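I opened the model to look up a few things, one chain and one residue at a time. My notes follow.

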Amino acid sequence: MATADSIISISGVTKRFGPVTAVDNISFDIQRGEFFSLLGSSGCGKTTLLRMLAGFEQPSEGEISIDREAMAGVPANHRPTNMVFQSYAIFPHLNVRENIGYGLRNTDLSREEAGKRVIDALELVKLSGYGERAAHQLSGGQRQRVALARALVCRPKVLLLDEPLGALDKNLREEMQIELRALQKTVGITFVFVTHDQEEALTLSDRIAVMSKGRVLQIDAPEALYDNPNCREVAEFIGTMNVFSGRTMESAKGAATIDARALGKLQAQGTSRKGDYVFLAVRPEKLKLMTKKPSAAMNAIGGVVSAISYRGDRHHFLVKAEGHDRPISVSQQNDSETSATPAKVGSKVWVAWPHSAGRLLSN
Amino acid sequence: MFTRPSALFIYAIAFMIFLYGPVMLMPVFSFNDSTFATFPLKGFTTRHYASMLANTSMILSLKNSLVVGVIVSVTATAIGLPAAIALTRYRLPGGGPVLSAMMLPLVIPSIVIAVALLVIILRFLHLDLSLWTVGAGHILLCIPFSMTVLMSRLEGFDKSLEEASRDLGENAWMTFVRVTLPLAAPGVISSLLLCFIISFDEFVVAFFLTGTENTLPVYLFSQLRFPNKLPGTLALGSAILLGSALLVVAAELLRKLGVQSAKPGDL
């Protein structure tokens, strides 16, 4: 299972808390130097998995190895990992310098070397000159940086981050995302990042594991997750997705035609057995609004515009179609100079997309 | 507009007089040049203080009380701290019943505890009554108070602080020394003060369990039979009052300093 360059190997890991299975038989590898995200809604087991990597929880079953060393029975203080906590866990009785230097006490560094490392770490997170500040004098963003520096100063093989940007406001968050990504490239340490924010995961990660109910649904690069989700849950969790259900009528050469009942026949990429119940997933930005029914070269569904929202760079339409419960989401880029709205609420439109834009999902 | 606040003001003053009036009479009579604690006052004197200092058995009982109080407060806090940590940090099987059991002395009348302890010490342990047995009884009384104070402090801080320490390479003991203890320090100080005061003040258990040596409350009680000893006890009471007032002021100043530097660990 473990490839030559994997730094973390998780195999068959299950964690139970009494009757609750928080993590259910998970196996995957994380590559050296990777920015890897665990993405999922709350209660999906992502934090439990991270805490097992850190050594705060022991797996009920399965094995975790870090840099080819089995971690069973190795306590947190002897693992080559360091963690940035969701609450930052800045020691309130210590100043910034003492906080960052906390983990250097147990190393064989001299006082001078340790002091220098702390100064370097402060510089790394752009907090030079803040060393003597008390913990309570720091803003949210600064606390986050101190927590990062405190973990990185120990030069871990793996840095674990538990929703570290969750407590920041939107602008600061976006700023920190860019910094975090740049920092990871600079230090070259493997980052394992837990988040429930799919946008954040897409922005930061080399690869993402999408988790739900203690299981991993899909592990892929952000582009692949967005363009080729392997199931309905991933499709709907990452970004907005229109999903139509139906039965496969025929399938050949990587394309299929499905019978979506009231919505008519729809075509999509993917293979499926005839008669199977399947889902067709298509992104809002792949859809076009048309006033006339397009040719058979495109899928088309007739409907009525039920809502329009203006998002500056684009318009977002909701189209209600007969025989489909959820309104269809359509996103149109405002690339013409006038930005005129092409449709009004209540107007009859056709939602159309090329056959190749839709993905067939079996579950 | 004015009637309501001023009515409240009068009420507050009356309340303060009710609360502190009797206590404030003590220093007044301690300087009164008379053997009887009655009005009208006869004149100013410090002779009661001189006689207090000359009364070696009273000074000895004060010393006994101080020693017992210090030992009790340190021991009860030392026992209470690990228990409080265990009960706040870990989900223990039977944690609830254990906690209830530890809190029980809080609601059992101390006369019952005193009699029970007396029977145990004399009949089962066959020990002689002494200040040690008094101290042991006081520790039993103090543990629930110590636990309450410490647990409320320990529950107040983020559990991930201790995890962060472990994560940064410290073992359980050093995490306790470097993180838990400094953060729990205000609670530890409160527990020490509270236990000391409880022990210093305690009469019933001390009365039952003491041997030939007396603690101060027991001694004072025994002196009440002799009216001429009263002014001396009033003088001692006033001195203790002054001492505890200074202690409270000092503790409060320390706490303020601690808040300003936001370093509860410095307390």
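Before placing any residue I needed the term helix: here a helix is a DSSP run of H or I with at least four residues, and the helices are numbered from the N terminus. I also noted that this is a predicted model.

Entry 1, one arginine. I looked up Arg133(A) and found this residue in the loop between α3 (111-124) and α4 (140-152) of chain A. Is Arg133(A) buried or exposed, or in between? Arg133(A) counts as partly exposed because 16 C-beta neighbours lie inside 10 Å, and a residue needs 20 or more to be buried and 12 or fewer to be exposed.

I then listed the contacts of Arg133(A), leaving aside neighbours within four places in sequence: Asn95(A), Val96(A) and Leu138(A). I also checked Leu94(A), which is 39 residues from Arg133(A) in sequence and 9.1 Å away in space, C-alpha to C-alpha.

I counted 11 helices and zero strands in chain B. Its C-alpha atoms fill a box of roughly 70 × 65 × 35 Å along the principal axes. Chain B has 267 residues, and 33% of them count as buried. I looked at contacts in chain B with a separation of 6 or more: 77% of them join residues 24 or more positions apart.

Key: Residues numbered from 1 in each chain as written. Chains lettered and ligands numbered in written order. Predicted model: local features only at pLDDT ≥ 70, side-chain atom pairs only at ≥ 80, totals over all residues. Helix = DSSP H or I, 4+ residues; strand = E, 2+ residues; numbered from the N terminus. Contact = placed C-beta atoms within 7 Å.
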